[in-house]
Amino acid sequence: MNVRANAKSDAQLVQELCAQFNAAIPCDERERESITKFLDLVPTLTKPFDEMSDPTHITGSGIVVGERGVILHLHKRLNMWLQPGGHIDAGETPAEGALREAREETGLDVIHPTTGPWLVHLDVHPGPRGHTHLDLRYLMYAPDADPAPGADESQDVRWFGWDTAIDMSDVGLSGCLRAVRRLL
């Protein structure tokens, strides 16, 4: 079992996230709506990071960038090009879960910026099995190498130029990618 490095409780993490999103400037109307939903829903969740506790829960994703652009993978169930990410394991922070998922799904030594995890976007969207995902998206860097995902992961993972990635993404991800591109 993982133990959070900072030993913060779920309630403390939720409080910090809500404070951060209360002060955030959304990149577009989609993120504005997601922030409102997040601020309304998260304080009502008993176990906000546990996918089994409630159909609405927080997930973590990586906006993985590098010299070659941005990495996306073809999601096995949804058949959509998405950023790597997924559910947060017990004891992980959202940033730790996002990093683990990005490493598993790309097979690359993905890292957070040297200054620490950088939360760049929030998107609330339907997940599989009637779930609602409150997806926290962190900026991550990958080396200039070809993705090599594990056998249990989607094998269709690749680098895309920014324009191509934005054009092929759904509305939630395309807004995020535009915002991150402006930050870099």
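Modeller: A search of the whole structure, which is a predicted model, turns up two aromatic pairs. A pair of aromatic rings is described by the distance of the centres and the angle of the planes. For Phe21 and Phe38, the ring centres are 5.0 Å apart and the planes stand at 65 degrees; an angle over 60 counts as edge-to-face, so this pair is edge-to-face. Phe21 sits in helix 1 (residues 10-23) and Phe38 in helix 2 (residues 29-41), so the pair ties together parts that are 17 residues apart in sequence. Are these two residues buried or exposed? Both Phe21 and Phe38 are buried.

The other pair is made by Trp81 and Phe160, with ring centres 5.0 Å apart and planes at 80 degrees, so it too is edge-to-face. This pair links distant parts of the chain, since Trp81 belongs to strand 3 and Phe160 to strand 7 (residues 157-160), 79 residues apart. Trp81 and Phe160 are both buried.

Let us return to Phe21 and look at the helix that carries it. Helix 1 is 14 residues long and spans 20 Å from its first C-alpha to its last, close to the 20 Å expected at 1.5 Å a residue. Which residues of helix 1 are buried? They are Leu13, Val14, Leu17, Cys18 and Phe21. Viewed down the axis of helix 1, these buried residues fall within an arc of 135 degrees, so they line one face of the helix. Here is a handy idea for reading that pattern: an α-helix has 3.6 residues a turn, so residues three or four places apart point the same way. On the other side of helix 1 you will find Ala11, Gln15, Asn22 and Ala23, which are exposed. As for what the buried residues of helix 1 pack against, the list is helix 2, strand 1 (56-66), helix 3 (94-106), strand 5 (118-126) and strand 6 (132-141).

Helix 2 has 13 residues and reaches 18 Å from first C-alpha to last, close to the 18 Å expected at 1.5 Å a residue. Its buried residues are Glu31, Ser34, Ile35 and Phe38. Seen down the axis of helix 2, they fall within an arc of 100 degrees, so they line one face of this helix. The elements covering them include helix 1, strand 1, strand 5 and strand 6. At the start of helix 2, look for Asp28: one of its side-chain oxygens comes to within 3.3 Å of the backbone nitrogen of Arg30.

Leu41 is also found in helix 2. With a relative accessibility of 30%, Leu41 counts as partly exposed. Not counting residues up to four places away in sequence, Leu41 touches Thr56 and Leu134. Leu41 and His57 are 16 residues apart in sequence, and their C-alpha atoms are 9.1 Å apart in space.

In soluble globular proteins, nonpolar side chains tend to be buried together. The largest nonpolar core here has 30 residues, and those touching the most other members are Leu17, Phe21, Phe38, Ile58, Val110, Leu136 and Met140. Helix 1, helix 2, strand 1, helix 3, strand 5, strand 6 and strand 7 are the elements that give two or more residues to this core. Which element gives the most? Helix 1 does, with five residues. Leaving aside neighbours within four places in sequence, Phe21 is in contact with Ile35, Phe38, Leu39, Leu119, Leu122 and Leu136. Apart from this core lies another, of 16 residues, among them Val65, Leu74, Val120 and Leu173.

Finally, go back towards Trp81 and look at the loop between strand 2 (69-74) and strand 3 (81-82), where His75 is found. A polar atom of the His75 side chain lies 3.2 Å from the backbone nitrogen of Arg77. Setting aside neighbours within four places in sequence, His75 is in contact with Met80 and Leu82. Asn79 lies in that loop between strand 2 and strand 3 as well. Most residues other than glycine have a negative phi, yet Asn79, which is not a glycine, has a positive phi of about 50 degrees. Asn79 is exposed, with a relative accessible area of 59%.

Definitions and conventions: Residues numbered from 1 in each chain as written. Predicted model: local features only at pLDDT ≥ 70, side-chain atom pairs only at ≥ 80, totals over all residues. Heavy atoms only, no water. Helix = DSSP H or I, 4+ residues; strand = E, 2+ residues; numbered from the N terminus. Polar contact = N/O pair within 3.5 Å; in protein donor to acceptor, adjacent residues only side chain to side chain. Contact = heavy atoms within 4.5 Å. Phe/Tyr/Trp six-rings, centres within 6.5 Å; stacked < 30°, edge-to-face > 60°. Buried < 20%, exposed > 50% of the residue type's maximum accessible area, 1.4 Å probe, protein only. Expected span 1.5 Å × (residues − 1). Arc of directions from axis to C-beta. Core = buried A, V, L, I, M, F, W, Y, C linked by side-chain atoms within 4.5 Å.
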